Amino acid sequence: MQIMELQKISKRYKRREILNELSFKVQRSEIVALVGENGSGKSTLLKIIAGLIEPDSGKINKRNKKMKIGYVPEIPPPALPFTISSYLEHMGRISGMGKDLLRERINHLLKLFELQDSCNTKIGHLSKGMKQKVVIMQAMLEKVELLILDEPLSGLDYNSQKDLETLLMELKRNGMSIIFTCHETKLLEALADRIFFLKDKKIMEERPILQKNITKNKLVFEIHSEVSLEELSSYLEIHRQSEVTQEVNVIEAILEQQHTDEVLVEILEKGASVKQLSPVYNGQEAFNNHFIGEQVWRN
Amino acid sequence: MEKLKGLFLYYLSNYLRSYKSILPIFLYIFAVAVNYGYTPNPILDSYSLTSLVLFFVMGWIVVTVFHAEDFGQRQITLLHAKNKRKYYLTLILVCMLMGCLLSIFAVAYPIIMNSFGVKVHLVHIIMGFLSHFILSVLAISLSAIFTREVVKNRANTWWGVLSILIFSVVIVSVKEKILYVSGLIWLLPPVHLSLEIMGADDGIKTIPLIYFLQFGWIVVYSIFLVGLFLILVRYRRLDQ
C-alpha cells in the first residue's frame, strides 16, 4: 500500500538548484534509502517531506492528510537539561498529546528502546547511541506512519549501530515506513528495500537493493577496444551473463567475480584494452562506483 | 492552548535550567543591589536608572532565550508545535515573563531594603513597574529583530542587539535638536518617553493621563516590531 507520493518536487536556494522535479513513492512498511554526495540535496528532500521546508514546486500526496510523520534531524544529540522522561513529556505536550496517552506512549517507547532504566538520567549524561535513541523516540511519540532519519548512524560506535539497525528493522516489521540518508554501507545493506540515488542535485535514480544479495565482490570493466564492439558485447552478455552497456567505443561490463579473471584474459587476447577495473561493493559503495565513477584501479 | 502552554513550560524550564540564564539575571540583581548600596536614594530617578539597566539586560536575555536550543532541536520543537507563529510568540512570552519578574524585583528590592529617603506611595510603585516592564517589552521587540531567526550571520546578533539598544538611548540626548524637526521621533525607539516620565518629581500624587499615553505608545511601538518580526521569520528557512 502506498503511503506517500512525491510529484515533481523542485527546490532552489537563491540561484542554486538543489532538487529538480523529483518524484518517487513510498510504500507501507518499506525502508527507502537516499544516497548521494554531500550537498546533493538529501537532507533538503527529507526536510521537505517532514514539512520543515516548502518546495518551490511539486506536490506531496499523503495517504491521508493527517498522516503523522516523525523526523530525526542530522544533529548532534540535544544538549538539553532534561531527563529522558521529562524531555519526551515536554515534546509530547508541545504536540498537544493528553497526559494519559503521553505517559502510555513514553512507557511503550522506553520499553521498545530498552531505556527504562535510564528514564531518569539526564540526556547530557547519556552515551551518543542512547542520545540518538532519544531523538528517535521523540519522533515516535505520536503514532507515526513514516519515520524520517537524516544520517541516523552518524558518529555511533559499532554496538550502537547494531542496536539501532535492530530497532529500525523492528519498526519496519511493525508496519512503519522509513526514509533515511546514510553513508554507512552496512546500514544500506541491512535495511534498505530500495535506494534512491541523488545525482547532480537533480536526477534521482532508483535501484532496488538486489545487489546486496547477489553482487558480492563484483568487478567493473571499462573496455576500450579496436576489435568489434558488438562481438565483445555479445561475448560478455551471452557467455558470461554480464550486464553490459555500450557507448561509441567503450563497453562497460559488470561481472561476477568468479568470471573476472578468465574474461579479462580473453578480452585482452581479443585485442581490447582495459581502461578501468574497480570493485563493486554492496550498498553505497556500489552506487558511488557505479554512478560517481570513482576509479579504484586504473590501467 | 494546551500546545502553547506546553511550549511555554518547555522553554521556560529549558532556559532557567541552562547556564545561559544565570549571568544576565545575576548581573542585574547585582546592579540593582549596588545601585541601592548607599541610602537614601530618590525614588523615580533610581527606578529610571534600573529600568535603563534592565533595558540592556533584556537584550541579553532575549538573545539567550532565542538561542537556547541548537538548530536540530529547534527543528524538532517546531515540528511538534506545528505552528511557526505560536513557536515564536512563546519565545517572546518567556522573555516577557523574565522581564516582568525582574521588574517586580527591581521595584520591590529598594522598598524591602528601605533604600529610599521618603515614603513610597502606590503611584511610585505603579510608575516604577511600568517603567521597568515597558522598557523590557521594548528591548524584547527590538532585540528579537536581531536574533538568529532574522539575522543570517550569528556573529552579527550581539552587535545588532547592542547597537540598537545603545542607539535607542543615544537618541534621547539629540532628539530635541534634530528629531522633532523631521518627525523621525515617532519612528525611532521611544526610550526617551519612559525617561521623561521618570524624570517627574518624587512628590507626584497621581499619574497624569499623558504618562499612560506615552507608556501606551511604547507598547504600540513594541507590538508593531513584534509583528514585523513575525513577518520576517515567516520567510526564513528553518533549517539554518
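## Close-ups of a predicted two-chain model

Chain A averages a pLDDT of 76, and 74% of its residues score at least 70. Chain B comes out at an average of 88, with 95% of its residues at 70 or above. This is a predicted model, and its overall scores are ipTM 0.84 and pTM 0.76.

**View 1. Confidence along chain A runs from one helix to another.** Among the elements of chain A, helix H2 (residues 84-95) has the highest mean pLDDT, 93. At the other end sits helix H7 (residues 211-214) of chain A, with the lowest mean, 44. Where pLDDT is low, the predicted coordinates should not be read in detail.

View 2. Three strands line up in the order E2-E1-E4 of chain A, with antiparallel pairing. Strand E2 (16-27) and strand E4 (57-62) of chain A are the edge strands; each has a single partner, so one side of each has no neighbour in the sheet. Ignoring direction, neighbouring strands here are turned by 10° against each other on average. Strand E1 (residues 2-13) of chain A pairs with E2(A) in the antiparallel sense over 8 bridges. Look for Gln2(A), which stands opposite Gln27(A) in E2(A). Helix H1 (residues 42-50) of chain A packs on this sheet and touches E1, E2 and E4 of chain A. The direction of this helix makes about 55° with that of E2(A).

**View 3. A positive phi at Glu151(A).** Zoom in on the loop between strand E6 (146-150) and helix H5 (158-173) of chain A, and you'll find Glu151(A). Its phi is near 50°, a positive value in a residue other than glycine.

**View 4. Where chain B touches chain A.** On the chain B side, 21 residues are in contact with 19 residues of chain A. Helix H1 (2-17) and helix H4 (71-81) of chain B each supply at least two residues of the chain B side. H4(B) gives the most, with 9 residues. By class, the chain B side that touches chain A holds 7 nonpolar, 8 polar and 6 charged residues.

View 5. Thr39(B) and Pro40(B) are joined by a cis peptide bond, with omega at about 0°. Pro40(B) has its place in the loop between helix H2 (22-35) and H3 of chain B.

**View 6. Helices H3 and H8 of chain B.** The axes of helix H3 (residues 43-66) and helix H8 (residues 191-198) of chain B come within 9 Å and cross at roughly 160°. That makes H3(B) roughly antiparallel to H8(B). Their crossing is right-handed. From H3(B), the contact takes in Leu44(B), Tyr47(B), Ser48(B), Ser51(B) and Phe55(B); from H8(B), Val191(B), Ser194(B), Leu195(B) and Met198(B).

**View 7. Helices H5 and H6 of chain B.** H5(B) and helix H6 (residues 122-144) of chain B have axes that come within 9 Å and cross at roughly 150°. H5(B) is therefore roughly antiparallel to H6(B). Here too the crossing is right-handed. H5(B) brings residues including Ile92(B), Cys95(B), Met96(B), Gly99(B) and Val107(B) to the contact, while H6(B) brings, among others, Ile125(B), Gly128(B), Phe129(B), His132(B) and Ala144(B). The class count for H5(B) with H6(B) is 12 nonpolar, 5 polar and no charged residues.

**View 8. Helices H5 and H9 of chain B.** Helix H5 (residues 84-112) and helix H9 (residues 209-234) of chain B have axes that come within 10 Å and cross at roughly 135°. H5(B) and H9(B) are therefore oblique to each other. H5(B) passes H9(B) in a right-handed crossing. Lys84(B), Arg85(B), Tyr88(B) and Ile92(B) on H5(B) meet Val226(B), Leu230(B), Val233(B) and Arg234(B) on H9(B). That contact of H5(B) with H9(B) divides into 5 nonpolar, no polar and 3 charged residues.

Conventions:
Residues numbered from 1 in each chain as written. Chains lettered and ligands numbered in written order. Predicted model: local features only at pLDDT ≥ 70, side-chain atom pairs only at ≥ 80, totals over all residues. Axes fitted to C-alpha atoms, helices over the stretch in contact; angles between N-to-C directions. Helix = DSSP H or I, 4+ residues; strand = E, 2+ residues; numbered from the N terminus. Parallel < 35°, antiparallel > 145°, perpendicular 65-115°, else oblique. Left-handed = near helix turned anticlockwise from the far one by under 90°. Contact = placed C-beta atoms within 7 Å. Nonpolar A, V, L, I, M, F, W, Y, C, P; charged D, E, K, R; others polar. Pairing = 2+ DSSP bridges. pLDDT = per-residue confidence, 0-100.
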